[in-house]
Amino acid sequence: MMLPFLTGMLTVWFGIRGQRRMCLSLWFITLLIFAAWCQVHMTDPLGFSL
């Protein structure tokens, strides 16, 4: 789960440097990573028993 935070950090860094196209591209990639992780983790059954 470290990858979205890494891409988010790079997004902020490119935004501060003024590279808008790369900033928006990395923002979109980060959004896709979060969506993929949510899809995987929200559809898995819970691994504990009561």
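T30 is buried, at 10% relative accessible area (buried means under 20%, exposed over 50% and partly exposed in between, with a 1.4 Å probe and protein chains only). The model is predicted, so local features need pLDDT of at least 70 and side-chain atom pairs count only at pLDDT 80 or more, whereas totals for chains, interfaces and linings use all residues. Residues are numbered from 1 along each chain as its sequence is written, and side-chain values use heavy atoms, with hydrogens and water left out.

T30 belongs to helix α2 (helices are DSSP runs of H or I with at least four residues, strands are runs of E with at least two, and both are numbered from the N terminus). Leaving aside residues up to four places away in sequence, T30 touches P4, T7, G8 and T11 (contact means heavy atoms within 4.5 Å). P4, T7, G8 and T11 are among the α1 residues that meet α2.

Two packed helices are described by the angle between their axes and the distance between the axes. Helix α1 spans residues 2-17, and helix α2 spans residues 20-43. They pack at an angle of about 165 degrees, with axes 8 Å apart (axes are lines fitted to C-alpha atoms, for helices over the stretch in contact, and angles run from 0 to 180 degrees between N-to-C directions). The pair α1 and α2 is therefore roughly antiparallel (angles over 145 degrees count as roughly antiparallel, under 35 as roughly parallel, 65 to 115 as roughly perpendicular and the rest as oblique). The crossing of α1 and α2 is left-handed (the near helix is turned anticlockwise from the far one by less than a right angle; clockwise would be right-handed).

On the α1 side, the contact is made by L3, P4, T7, G8, L10, T11, F14 and G15. On the α2 side, M22, C23, L26, W27, T30, I33 and F34 take part. The contact residues divide into ten nonpolar, five polar and no charged (Ala, Val, Leu, Ile, Met, Phe, Trp, Tyr, Cys and Pro count as nonpolar, Asp, Glu, Lys and Arg as charged, and the others, Gly among them, as polar).

G15 lies in α1 and is partly exposed, at 40% relative accessibility. G15 and L26 are eleven residues apart in sequence, and 10.0 Å separates their C-alpha atoms. L24, in α2, is partly exposed at 46%. L24 and F14 are ten residues apart in sequence and 9.1 Å apart, C-alpha to C-alpha. F28 is also found in α2 and is partly exposed at 45%. F28 and G8 are 20 residues apart in sequence, with a C-alpha to C-alpha distance of 9.9 Å.

C23 is buried, with a relative accessible area of 17%. C38 is partly exposed, at 39%. The disulfide count is zero (a disulfide is a pair of cysteine sulfur atoms within 2.5 Å).
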